[in-house]
Amino acid sequence: MHGLSLVILHIFSILLFISFAKADGPTFIEQGVMSGSGFTFLPSATPSPMGDFRIQMGRMQLFEEKRGLDVLTLSGGFSSHLETYMKLSSEQQGTPFSLLSFGFGGKFRVPVSFPVVEKITLWMESVTSEEKRTSAINPSEVKRIAAIYCMGSYKTRIVGITGVTQTEQRSHLLYGGGFIFSPLNTMQFGIEYLHGYASENSEYVIVNISTRVFENIGVYVNPGILNVASRKIFSLSVGVSLTTTSLDFLPEAGGNGHQIKIPTFEEIQQQSQEEEKK
């Protein structure tokens with residue numbers, strides 16, 4: 001039943017995306033590194049552009065445990081500094097019913113420039129499962145809060161994260177980092193390491209390969225190793241991302257894509273005065 005509900009939600013999300021999709025939009029360069037949605041766990045330091053609506057769907061296969069995880073994420077950019085998202089995951093555990101988890105979160109970019117660190121973003125999320133059951137990925141109740149910092153150019157970027165994970169009234173340190181390389185406008189590679197994402201001693205190493213197949217459609221493949229409860233689990237994620245913005249992983253080499261220019265209050269007032277004179 002849960003699997004069927006997830007399929008229906010997938011179809012509804014696609015229809016919703018088509019109804020809101022638009023041809024013009026700002027360039028988004030970090031599509032492959034997302035807000036802990038399940039394909040890659042390390043959030044990006046860049047919020048979605050204002051007005052962006054994004055759907056991410058994917059499948060993570062855990063080979064050692066013979067389990068799988070379906071993930072659906074809906075996110076939107078409310079300003080150049082704020083992004084919010086919600087995600088639904090269904091983990092198959094070899095039982096008649098899947099373990100369903102629901103989460104929501106957001107990112108806020110600090111509107112201050114720094115000399116070495118290009119940008120700092122605050123990230124928070126909360127994930128709740130419908131019942132307490134042993135999971136390789138999602139604890140029954142988990143909250144995460146962290147600071148994400150990024151340095152480098154569009155072509156090569158280093159991302160770090162430091163924060164806290166709280167599970168079942170216990171808190172532990174969350175830290176890690178990643179390296180992103182964009183050789184082309186249509187392709188991006190990355191590798192990430194996270195400690196303390198699920199449990200106190202959990203470790204994730206994920207490789208990210210992202211490619212743009214259409215202007216606003218991206219596909220990615222993410223092999224990795226998850227070390228959870230002293231067990232090493234090999235994983236492979238395959239997903240697709242649909243967004244109302246144009247995807248350009250190397251905008252310096254190919255321009256900034258379509259841009260939305262939002263007039264300032266002074267410009268609106270000046271235009272209004274000119275119309276009154278006419």
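**View 1. Strands β12 and β13 pair side by side.** Strand β12 (residues 217–228) and strand β13 (residues 231–243) run antiparallel and are joined by 12 bridges. Two strands count as paired if DSSP finds at least two bridges between them. Strands are DSSP runs of E with at least two residues, numbered from the N terminus. V228 faces R231 of β13 across this pair. The model is predicted: local features need pLDDT of at least 70, side-chain atom pairs count only at pLDDT 80 or more, and totals for chains, interfaces and linings use all residues. Residues are numbered from 1 along each chain as its sequence is written, and side-chain values use heavy atoms, with hydrogens and water left out.

**View 2. Strand β3 sits between β2 and β4.** β3 pairs with β2 and with β4. Buried means under 20% relative accessible area, with a 1.4 Å probe and protein chains only; exposed means over 50%, and partly exposed lies in between. R67, L69, V71, T73, S75 and G77 point one way from β3. G68, D70, L72, L74 and G76 point the other way. Both sets are buried.

**View 3. The neighbours of β3 run antiparallel to it.** Strand β2 (residues 53–62) is joined to β3 by 10 bridges. On that side, Q56 stands opposite T73 of β3. Strand β4 (residues 82–92) also pairs with β3 over 10 bridges, in the antiparallel sense. There, G76 stands opposite T84 of β4. β3 and β4 form a hairpin, with four residues between them.

**View 4. The largest nonpolar core gathers 24 residues.** A nonpolar core is a set of buried Ala, Val, Leu, Ile, Met, Phe, Trp, Tyr and Cys residues joined through side-chain atoms within 4.5 Å. The largest such core has 24 residues. Those with the most contacts inside it are F41, W123, I161, L194, Y204 and L226. Two or more residues come from each of β2, β3, β7 (141–152), β8 (156–167), β9 (170–184), β11 (203–214) and β12. β7 gives the most, with three residues. Apart from this core lies another, of five residues, among them I55, M57, L72 and L74.

View 5. Contact means heavy atoms within 4.5 Å. Residues up to four places away in sequence are not counted for L194 or for H195. L194 touches F41, L42, I161, L174, Y175, G176, S202, E203 and Y204. H195 is found in strand β10 (residues 187–195). H195 touches L173, L174, Y175, E200, N201, S202 and E203. H195 has 13% relative accessibility, so it counts as buried.

**View 6. R54 and E83 meet in a salt bridge.** A salt bridge is a side-chain nitrogen of Lys or Arg within 4 Å of a carboxyl oxygen of Asp or Glu. The structure holds six of them. The side chains of R54 and E83 meet at 3.1 Å, N to O. R54 lies in strand β2 and E83 in strand β4, 29 residues apart, and the pair links distant parts of the chain. R54 counts as buried because its relative accessibility is 3%. E83 is buried as well, with a relative accessible area of 1%. R54, E83 and K107 are linked in a network of salt bridges.

View 7. The side chains of E125 and K87 meet in a salt bridge of 3.3 Å, N to O. E125 lies in strand β6 (residues 119–129) and K87 in strand β4, so the pair ties together parts 38 residues apart in sequence. Both E125 and K87 are buried. The side chains of E125 and R144 meet at 2.6 Å, N to O. R144 lies in strand β7 and E125 in strand β6, so this pair ties together parts that are 19 residues apart in sequence. E125 counts as buried at 5% relative accessibility, and R144 counts as buried at 2%.
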